[in-house]
Amino acid sequence: MANEMDYSYIKRFPTAEFENVINRMANYSLPFQRYFPKKKPEKRTLNLNTRTLTIGCCRVQGKEELSVDVASIREVRQTNRSRDFDKHVDDIRQINEKRCLVILHGNEFKLKTLSLVAENEEDCELWNRGIQYLVVLYQNLTPFEQTMRFLSREYILLAKRDNALIGVKEVKAFYQRNNLKISFTQTRDLLMQILESNDKQLAINYDQFRLVFNRIAYDPMIINFIWQEYFGTNPSNDQIDPLSMEKFRAFLRLQDGLERNNIAAIQLIHKIAGPGVSNLTGWQFLDYLYSKDNDIWKEDHLSIYQDMTRPLSHYWIFSTHNTYLTGDQIQSESSVEAYIRCLRAGVRCVELDCWDGPDGNPIIYHGRTLTSRIKFYDVIRAIQDNAFTFSPYPVILSIENHCSLAQQDVMARGFEEVFGGNLLKEPLRVDDDLLPSPEQLRYKVIIKHKKLDDGEIDGIGSTKSSKDDIKTGYLLKENLVEEGVWDKRFFALTDSKLLYTSPVDEIQDEDDEDDS
């Protein structure tokens with residue numbers, strides 16, 4: 001199988017230092033301690049597969065327990081702060097932060113974390129730098145290379161070993177994993193067409209697996225229309241004629257009305273198919289149609305192109321609601337990481353729902369629900385560390401305050417202590433009727449909070465809110481399926497609705513599915 005795949009993209013490193021780091025990672029398995037939220041840390045090794053651009057986390061005896069696709073890595077940090085490390089605070093405090101590596105990965109908003117402690121700082125730095133290089137490499141793969149990498153990874157997962165063939169069962173599993181419902185009979189018929197065989201033992205190699213992928217990725221009707229409309233030919237089965245540079249230029253001229261010279265056309269072909277290529281295969285051309293190079297988005301809008309000197313109220317502001325939540329508003333997890341992710345994605349207004357904490361320090365959660373609670377100080381420290389990594393323009397903290405006056409004082413001191421000179425505490429210009437501009441507010445943190453009038457403080461010194469009228473608690477609800485069974489549920493009664501959760505026994509902390 002290895003001879004049938006093209007791994008040339010892994011050799012296209014921008015610098016010798018880049019290549020050296022990746023080669024060291026590929027030839028050296030990193031021993032480390034992996035930390036879990038619900039059990040003691042265990043010894044593991046970290047391996048890099050350069051064929052599939054995946055990082056394997058293996059038990060000591062060699063069995064892989066986790067494979068992280070580089071395409072799914074959102075961030076890698078040398079830090080001792082993660083939800084896994086937070087469960088082992090006493091141990092982590094004794095470890096040098098430069099030995100700690102946290103990989104955040106996944107395709108959902110709630111990312112998975114892989115929290116590791118290396119044996120020394122040098123190993124940790126090597127893998128931190130190398131993973132960042134790999135993420136950049138993946139982002140710069142051509143559309144064709146991204147497709148080939150994806151197919152290589154999928155085939156290895158299905159075949160289990162090099163040079164192995166796969167059958168109907170494995171192809172059906174591939175379809176299901178990629179959200180395509182197809183029956184065993186349909187899958188068998190497809191393999192029979194590709195192999196042109198009626199044998200009961202149907203097995204395909206990697207090249208034939210690529211045809212299986214093409215059958216689901218590209219609609220034959222669309223392919224026929226494009227080739228007839230632009231090139232005057234009719235593709236047959238899985239054979240699509242390659243495109244010369246002249247045909248590609250003609251397509252671009254008809255498509256967007258722009259005339260490109262040979263140099264510009266060659267540069268775009270290289271971007272699509274890789275260096276040294278002068279013509280496009282039919283499949284490379286189809287990959288181009290689905291790629292960002294054929295996107296309607298204007299690339300110059302990826303950087304700041306608008307006038308940022310107008311009053312703040314003249315702009316739409318990228319804002320979030322219940323920023324701390326990773327799921328629903330009744331029983332999901334509250335997370336400091338949610339603030340970090342939002343700020344690093346460009347959010348400029350985040351919400352903090354603040355309530356009295358049990359130890360005199362405020363907490364943040366969705367009040368009177370089953371959502372978990374996080375510390376106010378942890379949140380504002382995370383905001384300070386990440387507020388301006390994406391943009392220098394101001395961050396607005398929208399405060400929903402349910403705290404007593406005593407804990408409001410704690411909040412105020414916390415804002416001054418953590419944000420320091422970044423905290424906006426007075427108007428930039430007292431005599432100005434207009435709000436300052438984003439440009440004037442660069443690197444500033446703005447507190448958005450209701451200013452209380454006299455008499456708006458109740459007898460015990462806490463602010464009132466319509467949310468305080470919500471009644472919550474546990475009740476038993478009759479099970480409509482199983483006669484005589486009553487399920488314990490969490491209820492919330494508002495002035496207009498009665499809300500309840502699924503049975504409490506089913507509400508589990510979904511921290512990590514890969515804890516095992």
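## Basis and confidence

The model is predicted, with local features requiring pLDDT of at least 70 and side-chain atom pairs counted only at pLDDT 80 or more, while totals for chains, interfaces and linings use all residues. Residues are numbered from 1 along each chain as its sequence is written, and side-chain values use heavy atoms, with hydrogens and water left out.

The protein chain has a mean pLDDT (the predictor's confidence in each residue, from 0 to 100) of 86, and 91% of its residues reach 70 or more. Over residues 459-467 the pLDDT falls below 50; this stretch makes 20 contacts (heavy atoms within 4.5 Å) beyond near neighbours in sequence. Residues 507-516 also have pLDDT below 50, and there the model shows 27 contacts beyond near neighbours in sequence.

## Nonpolar cores

A nonpolar core is a set of buried Ala, Val, Leu, Ile, Met, Phe, Trp, Tyr and Cys residues joined through side-chain atoms within 4.5 Å. Buried denotes under 20% relative accessible area, exposed over 50%, and partly exposed in between (1.4 Å probe, protein chains only). The largest nonpolar core comprises 32 residues, and Leu352, Ile383 and Leu397 have the most contacts inside it. At least two residues of this core come from each of helix 12 (336-344), strand 8 (349-355), helix 13 (376-386), strand 11 (395-401) and helix 14 (405-419). Helices (H or I, at least four residues) and strands (E, at least two) are DSSP runs, numbered from the N terminus. Helix 13 gives the most to this core, with six residues.

Beyond neighbours within four places in sequence, Leu352 is in contact with residues including Tyr339, Ile364, Phe376, Val379, Ile383 and Leu397. Another core, of 30 residues, lies apart from the largest one; Leu66, Val68, Ile73 and Val76 are among its members.

## Cysteines

A search of the whole structure finds zero disulfides (pairs of cysteine sulfur atoms within 2.5 Å). For Cys58, the nearest cysteine sulfur is that of Cys57, 6.8 Å away. Cys58 counts as buried because its relative accessibility is 7%.

Cys349 is likewise in no disulfide, the nearest cysteine sulfur being that of Cys342 at 11 Å. With 9% relative accessibility, Cys349 counts as buried.

## Gln284

Gln284 lies in helix 11 (residues 282-289) and is buried, with a relative accessible area of 7%. Not counting residues up to four places away in sequence, Gln284 touches Phe144, Ile272, Ala273 and Asn279.
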